[in-house]
Amino acid sequence: MTAVPVSAPITDTAARLTRTVEPAEWAASGIPLLRDPRTVVTALHALHRPAPPTAVVAVLGPDERIAASASFGHRSAVPDGWEYRNALLAVLRRIIPHDLRLRRPVRTAVLLYCREGENRWSEEDGAWMWGLRDACTLHGLRCGGYVSLTPEGWRVHGDERRGRRPAAGAPGGGQPPAGRG
């Protein structure tokens, strides 16, 4: 009896890298811009008081008011858009009914991800962006902005609007506490 050769599987790293979105691809994909990102970010920060690592997903109505939101901690050894998509989809299913029967989505999901580090794009951000885009499709929502919240402040990826307040680790939306010295 001879052993049948098994074709080499796609490496986990290669598959994971296909489940990420680069900033230029995100900007070119036609994601609707938030009219007033500062208001949305401030409202989500006030509602959830996220600390790293926390994801805050919100569904906005046509008037860009928050219709539903939830925060959840999610830690992963390696960023994977598939894993993030599944986590987002599970939360969306709990907080708001799907819009799959509508011809066109009327509500928009946005994601604010509170994390440590600098406020520039990271591979982890790219995986969350991929997850958000895919979860929105599967839940019948428009994909909205992706916002990272770090100790430096917030940043809307794709249209590069940003602010210093609120920031990660900042109680009440102010600046992060100053170091001892």
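Trainee: Okay. So how do S1 and S3 pair, parallel or antiparallel?
Mentor: Antiparallel, over seven bridges. S1 covers residues 54–60. Ala58 stands opposite Val110 in S3.

Trainee: And which way does S3 pair with S4?
Mentor: Those two are parallel, with six bridges. S4 runs over residues 142–150. Leu111 stands opposite Tyr146 there. Between the two strands, the chain crosses from S3 through H5 to S4, and this β-α-β crossover is right-handed.

Trainee: What does the whole sheet look like?
Mentor: It is an open sheet of six strands with mixed pairing. The order is S2-S1-S3-S4-S5-S6. S2 (66–73) and S6 (162–163) stand at the edges with a single partner strand each, so one side of each has no neighbour in the sheet.

Trainee: How do S4 and S5 pair?
Mentor: In the antiparallel sense, over five bridges. S5 is residues 153–157. Trp154 in S5 is the bridge partner of Leu149.

Trainee: Back to S3. Is S3 buried or exposed?
Mentor: Mostly covered: seven of its seven residues, 108–114, are buried. Thr108, Val110, Leu112 and Cys114 point one way. Ala109, Leu111 and Tyr113 point the other way. Both sets are buried.

Trainee: Now the helix in that crossover. How far apart are the end C-alpha atoms of H5?
Mentor: They are 24 Å apart. H5 has 17 residues, 123–139, and at 1.5 Å a residue it should span 24 Å, so the two values agree.

Trainee: Which residues in H5 are buried?
Mentor: Asp125, Gly126, Ala127, Trp128, Met129, Trp130, Gly131, Leu132, Ala135, Cys136 and His139. Just after the helix, Gly140 takes a positive phi of about 75 degrees.

Trainee: Tell me about Cys136. What does Cys136 touch?
Mentor: Leaving out residues up to four places away in sequence, Cys136 touches Ala109, Leu141, Arg142 and Cys143. Cys136 counts as buried because its relative accessibility is 1%, and the cut-off for buried is under 20%. The C-alpha atoms of Cys136 and Leu88 are separated by 8.9 Å, though the two residues are 48 residues apart along the chain.

Trainee: How many disulfides are there?
Mentor: Zero, in a search of the whole structure. Cys143 is in no disulfide: the nearest cysteine sulfur, that of Cys136, is 4.4 Å away. A disulfide needs sulfur atoms within 2.5 Å. Cys143 is buried at 10% relative accessibility. Cys114 is buried too, with a relative accessible area of 0%.

Trainee: Switching topic. Where are the cis peptide bonds you'd point out?
Mentor: One joins Pro52 and Pro53, with omega about -15 degrees. Pro53 lies in the loop between H3 (37–48) and S1. Another runs from Arg165 to Pro166, with omega near -5 degrees. Pro166 is in the segment after S6.

Trainee: Why bring those up?
Mentor: Most peptide bonds are trans, and most residues other than glycine have a negative phi.

Trainee: Which residues other than glycine have a positive phi, then?
Mentor: Arg49 is one of them, with phi near 45 degrees. Arg49 lies in the loop between H3 and S1, and is partly exposed, with a relative accessible area of 47%. Glu160 also has a positive phi, about 60 degrees. Glu160 is found in the loop between S5 and S6, and counts as partly exposed at 34% relative accessibility.

Trainee: Big picture now. How many helices and strands are in the chain?
Mentor: Five helices and six strands. From the N terminus on, the elements run α-α-α-β-β-α-β-α-β-β-β. Buried residues make up 46% of the 181 residues.

Trainee: What is the mean pLDDT?
Mentor: It is 86, and 84% of the residues reach 70 or more.

Trainee: Where does pLDDT stay under 50?
Mentor: Over residues 1–10, for which the model has one contact beyond four places in sequence. Residues 173–181 also stay under 50, with 15 such contacts. Where pLDDT is low, the predicted coordinates should not be read in detail.

Note on methods. Residues numbered from 1 in each chain as written. Predicted model: local features only at pLDDT ≥ 70, side-chain atom pairs only at ≥ 80, totals over all residues. Heavy atoms only, no water. Helix = DSSP H or I, 4+ residues; strand = E, 2+ residues; numbered from the N terminus. Expected span 1.5 Å × (residues − 1). Buried < 20%, exposed > 50% of the residue type's maximum accessible area, 1.4 Å probe, protein only. Contact = heavy atoms within 4.5 Å. Pairing = 2+ DSSP bridges. Right-handed = clockwise from strand over helix to strand, strands pointing away. pLDDT = per-residue confidence, 0-100.
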